[in-house]
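The sequence and structure are shown first, and the description follows.

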Amino acid sequence: DISATKISDFGGTWGGMNGIPGCTAASYQQIPVIASDDAGGAVIFWYDTRSSGAVYGQRMSSIGNAKWAADGIVIGAVGGASYPQSAVSDGAGTVYVGWISMNYTTWVYSAYAQKVSRAGVVEWQAPGFAFSSGEGEQPGLQLEILQDQDVLVEAAQRLVDGARHGQADGRLEQHRALAAPR
């Protein structure tokens with residue numbers, strides 16, 4: 001399950017120790033990342049096994065109500081396990097999420113980013129902005145809103161020897177790209 005607890009500046013909470021549920025689907029949920037919804041609440045993204053390892057999301061209001069569909073909405077499904085890495089708000093209610101997807105058949109990792117409106121509408125063409133792809137570990141992905149309001153996506157990819165699928169050989173390749181303008 002995915003749950004949220006809000007802690008005020010004074011240490012008060014809503015949701016208690018176990019939080020308020022944002023997703024209680026019978027599937028397996030893990031690796032949550034969170035960003036402000038710019039209205040006192042938060043948007044949570046996570047890996048979920050309901051759709052062959054898709055990224056799901058849920059907006060929680062400032063008083064703890066789930067604002068999108070029950071058990072969240074599909075943000076990106078690309079066929080393979082998709083692990084959220086970073087989420088960032090633009091300060092006006094739009095949230096961007098980045099994730100790494102791994103195809104266990106081909107051992108190819110791909111990095112994606114998606115723009116999600118305050119209302120829970122996925123705004124970039126599915127599955128999202130494809131950022132990098134290749135054999136190797138994708139150990140990190142970060143999103144950043146730039147001063148001109150473009151979204152910068154950065155990823156580091158650890159390259160692998162093709163004969164040793166999944167075994168990092170120590171070389172690190174940096175990727176930077178601007179996602180589609182807002």
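## Asp37 and its contacts

The side chains of Asp37 and Arg59 are joined by a polar contact of 2.8 Å; such a contact is a pair of N or O atoms within 3.5 Å, where within protein one must be able to donate a hydrogen and the other to accept it, and where residues adjacent in sequence count only if both atoms are side-chain atoms. The model is a predicted one, in which local features need pLDDT of at least 70, side-chain atom pairs count only at pLDDT 80 or more, and totals for chains, interfaces and linings use all residues. Residues are numbered from 1 along each chain as its sequence is written, and side-chain values use heavy atoms, with hydrogens and water left out.

Asp37 is placed in the loop between strand 5 and strand 6; strands (E, at least two residues) and helices (H or I, at least four) are DSSP runs numbered from the N terminus. The side chain of Asp37 also reaches the backbone nitrogen of Gly40, at 3.3 Å. Asp37 counts as buried because its relative accessibility is 1%, the class being under 20% relative accessible area, with exposed over 50% and partly exposed in between (1.4 Å probe, protein chains only). Not counting residues up to four places away in sequence, Asp37 touches Ala42, Val43, Arg59, Met60, Gly93 and Arg118, contact meaning heavy atoms within 4.5 Å.

An open sheet is formed by four strands in the order 5-6-7-8, with antiparallel pairing; two strands pair if DSSP finds at least two bridges between them. Its edges are strand 5 (29-36) and strand 8 (73-76), each of which pairs on one side only.

Within this sheet, strand 6 (residues 42-48) and strand 7 (residues 54-60) pair in the antiparallel sense over seven bridges. Trp46 has Tyr56 of strand 7 as its bridge partner. Tyr56 is buried, with a relative accessible area of 6%. Its C-alpha atom is separated by 7.2 Å from that of Gly76, 20 residues apart along the chain. Among the residues that Tyr56 touches beyond four places in sequence are Ile44, Phe45, Trp46, Asp71, Ile73 and Ile75.

## The hairpin of strands 10 and 11

Strand 10 (residues 95-103) and strand 11 pair in the antiparallel sense over nine bridges, one of which joins Met102 to Tyr109 in strand 11. The two strands form a hairpin with four residues between them, and Trp107 in the turn has a positive phi of about 60 degrees. Strand 11 (residues 108-116) is largely enclosed by the rest of the structure, because eight of its nine residues are buried.

## Nonpolar cores

The largest nonpolar core has 14 residues, and those with the most contacts inside it are Phe45, Ile75, Val97 and Trp99; such a core is a set of buried Ala, Val, Leu, Ile, Met, Phe, Trp, Tyr and Cys residues joined through side-chain atoms within 4.5 Å. Strands 5, 6, 8, 10 and 11 each give two or more residues to this core, and strand 10 provides the largest share, three residues. Apart from this core lies another, of 10 residues, among them Ala25, Ile44, Ala54 and Tyr56.

## The chain as a whole

The protein chain has zero helices and 14 strands. Of its 182 residues, 47% count as buried. Among contacts with a separation of 6 or more, 40% are between residues 24 or more positions apart.
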